[in-house]
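Hi,

Here is the structure I said I would pass on.

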Amino acid sequence: MNTPVHRHPDHQPQRDARGSMVACGVIGVAVMAAVDEIVFHQILGWHHFYDRSTTSVGLVSDGLLHTTELLALIAGFFLYADLRRRRALAPAHARAGFFLGLGIFQLFDGIVNHKLLRLHQVRYGVDVTPYDLAWNIAAAFPLLIGSLLALRASRSGRTGPS
């Protein structure tokens, strides 16, 4: 039998800044992966996740990317829900984590997948330099926003509701 826990009315639950950043960072990575897959793979048809084989293999690789992004989204929301359940969500850190996740995925994709591993390019049959620059600059904006939000949250010590 569960015994109710009596707390002092002034007691505030401990906020989990790191956990909030991680949970929402995972959600941010998944959201940006979904945007990439939907816009560039499906709507524009510029590339597949893996373009160094047949179109069929490319489509399978897109399906695996989509599966991974959905699993990450579910995992992130479970982490988020647990933070909310425990009343440990640090909203300012969560917002920072979300933007950092967006930018981390975009930058990783642009540098690692496009250039180092050469899994695919942004586009084919054109000079990719402007596309690469735009891709990586697009990563810089959410990274900058997330970094500024994280700095602000840590400086203010504001892990409570905001």
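From the N terminus on, the elements run α-α-α-α, which comes to four helices and zero strands. Helices here are DSSP runs of H or I with at least four residues, strands are runs of E with at least two, and both are numbered from the N terminus. Before you read on: this is a predicted model, so local features need pLDDT of at least 70 and side-chain atom pairs count only at pLDDT 80 or more, while totals for chains, interfaces and linings use all residues. Residues are numbered from 1 along each chain as its sequence is written, and side-chain values use heavy atoms, with hydrogens and water left out.

On the whole chain, buried residues make up 36% of the 162 residues (buried is under 20% relative accessible area, exposed over 50%, partly exposed in between, with a 1.4 Å probe and protein chains only). Of the contacts with a separation of 6 or more, 77% are between residues 24 or more positions apart (contact means heavy atoms within 4.5 Å).

Now the helices in turn. H1 covers residues 17-43, and its 27 residues should span 39 Å at 1.5 Å a residue; the end C-alpha atoms are 37 Å apart, which agrees. The expected span is 1.5 Å times one less than the number of residues.

H2 has 31 residues and reaches 45 Å from first C-alpha to last, close to the 45 Å expected. Its buried residues are Gly58, Ser61, Asp62, Leu65, Glu69, Ala72, Gly76 and Leu83, and H1 is included in what covers them. Arginine 87 follows H2 and has a positive phi, near 55°.

H3 (residues 91-116) should span 38 Å with its 26 residues, and its end C-alpha atoms are 35 Å apart, which agrees. There is a bend of about 30° at aspartate 109, taken as the angle between axes fitted to the seven residues ending there and the seven starting there. Arginine 118 follows H3, again with a positive phi, near 55°.

What makes up the largest nonpolar core? Six residues: Ala23, Cys24, Leu83, Ala88, Leu89 and Ala94. (Such a core is a set of buried Ala, Val, Leu, Ile, Met, Phe, Trp, Tyr and Cys residues joined through side-chain atoms within 4.5 Å.) Leaving aside neighbours within four places in sequence, cysteine 24 is in contact with Tyr80, Ala94, Gly97 and Phe98.

On to the rings: a search of the whole structure finds five aromatic pairs. Rings of Phe, Tyr and Trp (its six-membered ring) pair if their centres lie within 6.5 Å; planes under 30 degrees apart count as stacked, over 60 as edge-to-face and the rest as tilted. Phenylalanine 40 and tryptophan 46 have ring centres 5.6 Å apart and planes at 50°, so this pair is tilted. Phenylalanine 77 and tyrosine 80 are edge-to-face, at 6.5 Å centre to centre and 85° between the planes. Both lie in H2 (residues 55-85), three residues apart, about one turn of the helix. Phe40, Trp46, Tyr131 and Trp135 form one aromatic cluster.

- Tyrosine 50 sits in the loop between H1 and H2 and is partly exposed at 31% relative accessibility. Not counting residues up to four places away in sequence, it touches Val57, Gly58, Ser61 and Leu119.
- Glutamine 121, in the loop between H3 and H4, counts as buried at 10%. Its contacts beyond four places in sequence are His47, His114, Lys115, Val128 and Asp132.
- Asparagine 136 is in H4 (residues 129-156) and is partly exposed, with a relative accessible area of 24%. Its C-alpha is 7.8 Å from that of isoleucine 111, 25 residues away along the chain.

Cheers
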